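Subject: Handover of a structure and its findings

Dear colleague,

Please find below the structure that I am handing over to you.

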Amino acid sequence: MYRLRLHSRNVLAYGKVLSAPQSTSTHQHKPASSSSAEAGVTKEKIVIPTRIERGPTDILMALSATVGFDPTAPHYKYHDDPYLIPTSNANKKTFALAQEAGRKAAHWIRQENAHLFQHKEADPPVQAYVPTMVYNEESKVETTDLQKLIDSVEVKDAILVYNLLKKSEIEVGDELKQQLLELVCFYNHEDTLPEQFIEERWFRQGTVGRERQRKTWKDFELAEELFHGLETKRPEHYCAMIRGMARFFQVEKAWALYQETIEKGIELDTNTFNSLLHIASFLKESYDKRWDLVCEVMTTMKQQQLRPNLGTLNGILQTVTTIGGYNHPRTYALKTLAEFKKIGIEPSLATWYYMLVIFCRERGPVSHVLHDIMNEIEGVEFTIQDPKDTFFFVTAMDVCRNHLHDKELAKRVNQLLHHGENYNLIGDSYKESIYYRHYFTLLATTEPLESFLETYHLLVPNVYTPEPSVMEDILRSVEMNTAIEHIPLLWSHMVQFDHTNRENLVNLLLHIMVTNEPSRDDPKHADLVQRFANIAWDMWNRMEERAAAPRATTSTGMPGPMLGDALLLCARAGDYEKATAVFTKLSKDQNSIVGEPRVDGLREFVNLCITNRTPSVAIQCLQYCSENGYPESVDIGRHIFNSFALDQSQVSKIRSLVGAEAVKPVSPKEDAAASE
């Protein structure tokens, strides 16, 4: 909106400028008699505004700002079709990467069939649509080819072309060698993923960030060959090598080069010192020596009259996070932050991330430093200044949930995330998922259920799909509040999110439906009995289909206790066909089914058989109870005997199953007690 308002004002201003010559010519043709009348009119001074540099997407951003963000709408990358909009996390990733795979296939076809794409309709030509050059060992190359490859960040081709130039004895200038050295050091001799593949970066970055930090620097490759082949090594050569080795954790060689520069009196730049600060924890084992190393590096910077920057601050704090204990790291962090504020260096989100890591440790004392941080940065719109900036929001929400258990602070963090363009700093798909997992779990356990469900319906499923652990917390909150009217909706979401194969969730949902029988007097529970039966039937069918699948891990389907709960729910609803199908499964496969059903479901099924006047099925249920050793078998047999007009064979069957005591006539009160 801000950009749009600026644009409107510029249009008005330029309109005045364009209309100025016309008004001037009108004044010239007016008669002299009108000049005296206009003498008292003050002429408006035209001020031409300063030109504002516009980007190629500024108009689109202005239009987007007029619409705003709609969390209930699916992301634009998915097709606007209800049948093609994914809801589960796995499907979201599959759909997005499949779409990007199509773009990759198009790139591959263009590259493999370059002779078909020689037409140049655009003027000037769009380089992104032009097939790239293919180099091999027989290619004839020049230094201009190497320059183009360095500019376009094609690392492996640049290495190949350099070797071809060297083989052809073509001289490569020192400046070009320096650029190549910086390229291979920064990317470690590997091609990087093109920026246009946004989705792959979005889903891959989370796994890259979780990898264990280890040495990945390629020793004795082109970078070291270029460096050692230089006759005169200038400071920029040392800077490129030290920063590259530190970036890929070749810490011993990086430190050795640094010591060499000290001995030779070669001055380095600030960013090179920053890279050394980031690997201090790898160079020294003890905590005291790590801090001494930080002080040594900072002293050298002062001697070389280098001004620290934000990277220096974050490098020091990163080392402090690796120092154990509680008092020393906090003291070091606060002193460092105060010193850098004195010289006018403002912290970034990465700085505050390191402060949270230092102060809010898992087994340390409770710290409320996040309150102070939020008071400092609330309402501020941030831009990326450090790669670790993307770790702040997920860490802050983790602190709110696990360290402070403060829902109000969590809401403040969430509000900051959605302020301006701050959501760009959420990081990647993994961090986004962890962030909302902490947020939803905290709200589900601390907020009133109805208030939490407002947030749930706003963000689920298009912004966030709850993981099974979060769904379990939501179900427990529903159970605690006896809000069983939400069960059908939550089951439908579990189906959408592919949670139906989670036995713990299905078992918990069955337990809630069984222990919280809907009230017939409550309007909210009007049709819940039948809907619960439908849910139980759906659960059973899904588990049976999964057990019959070719690669099924189990062939028994539902365990016995869950089958008993499904039987109870179907019997409560009076659905005789479904209840009979569940009981038939129990009876037929009783030797392979794990566990036994609770007797409540069997009793309810017997009552349903009595209602439907099917004594033979009721006696089958009695036989199942007797064979599995239920103590209540005698009471169930007596209830069947007193509820039906049985023939002699059926009476004999009951007598053989539970004894003669069950076929003795009893009073109506005793029979009612047996049926409960």
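Is Lys-253 buried, partly exposed or exposed? Lys-253 counts as partly exposed, because its relative accessibility is 25% (buried means under 20% relative accessible area, exposed over 50%, partly exposed in between, with a 1.4 Å probe and protein chains only).

Before the remaining findings, a word on the basis. This is a predicted model, in which local features need pLDDT of at least 70 and side-chain atom pairs count only at pLDDT 80 or more, while totals for chains, interfaces and linings use all residues. Residues are numbered from 1 along each chain as its sequence is written, and side-chain values use heavy atoms, with hydrogens and water left out.

Salt bridges

Side chains of opposite charge can pair when their charged atoms come close. The count comes to 29 salt bridges, each being a side-chain nitrogen of Lys or Arg within 4 Å of a carboxyl oxygen of Asp or Glu. Three of them are described here.

Lys-104 forms a salt bridge with Glu-200, with 2.4 Å between the closest N and O atoms. This pair links distant parts of the chain, 96 residues apart: Lys-104 is in helix H4 and Glu-200 in helix H8 (residues 198-210). Helices here are DSSP runs (H or I, at least four residues), numbered from the N terminus. Lys-104 is partly exposed at 32% relative accessibility, whereas Glu-200 is buried at 17%.

Lys-253, with which these notes began, has Glu-224 as a salt-bridge partner, the closest N and O atoms being 3.3 Å apart. Glu-224 lies in helix H9 (residues 222-229) and Lys-253 in helix H11 (residues 251-264), so this pair ties together parts that are 29 residues apart in sequence. Glu-224 is buried, with 7% relative accessibility.

Asp-269 and Arg-243 also meet through their side chains in a salt bridge (3.3 Å, N to O). Asp-269 is in the loop between H11 and helix H12 (270-278), and Arg-243 is in helix H10 (residues 235-247), 26 residues apart. Salt bridges that share partners join Lys-215, Asp-219, Glu-224 and Lys-253 into one network.

Cysteines

A disulfide is a covalent bond between the sulfur atoms of two cysteines. The structure holds zero disulfides, the criterion being a pair of cysteine sulfur atoms within 2.5 Å. The sulfur of Cys-625 has its closest cysteine sulfur in Cys-621, at 4.5 Å, which is too far for a bond. For Cys-360, the closest cysteine sulfur is that of Cys-400, 9.2 Å away and again too far. Cys-625 is buried at 0% relative accessible area, and Cys-360 is buried at 13%.

Backbone details

A cis peptide bond joins Asp-123 and Pro-124, with omega about 0 degrees. Pro-124 is in the loop between helix H4 (89-112) and helix H5 (143-151). The peptide bond from Val-460 to Pro-461 is also cis, with omega near 5 degrees; Pro-461 lies in the loop between helix H22 (449-459) and helix H23 (468-480).

Val-153, a residue other than glycine, has a positive phi near 55 degrees. Val-153 sits in the loop between H5 and helix H6 (155-167) and is partly exposed, with a relative accessible area of 29%. Asp-498 likewise has a positive phi, near 60 degrees, and is found in the loop between helix H24 (487-496) and helix H25 (503-515).

Yours sincerely

Note on methods
Helices (H or I, at least four residues) and strands (E, at least two) are DSSP runs, numbered from the N terminus.
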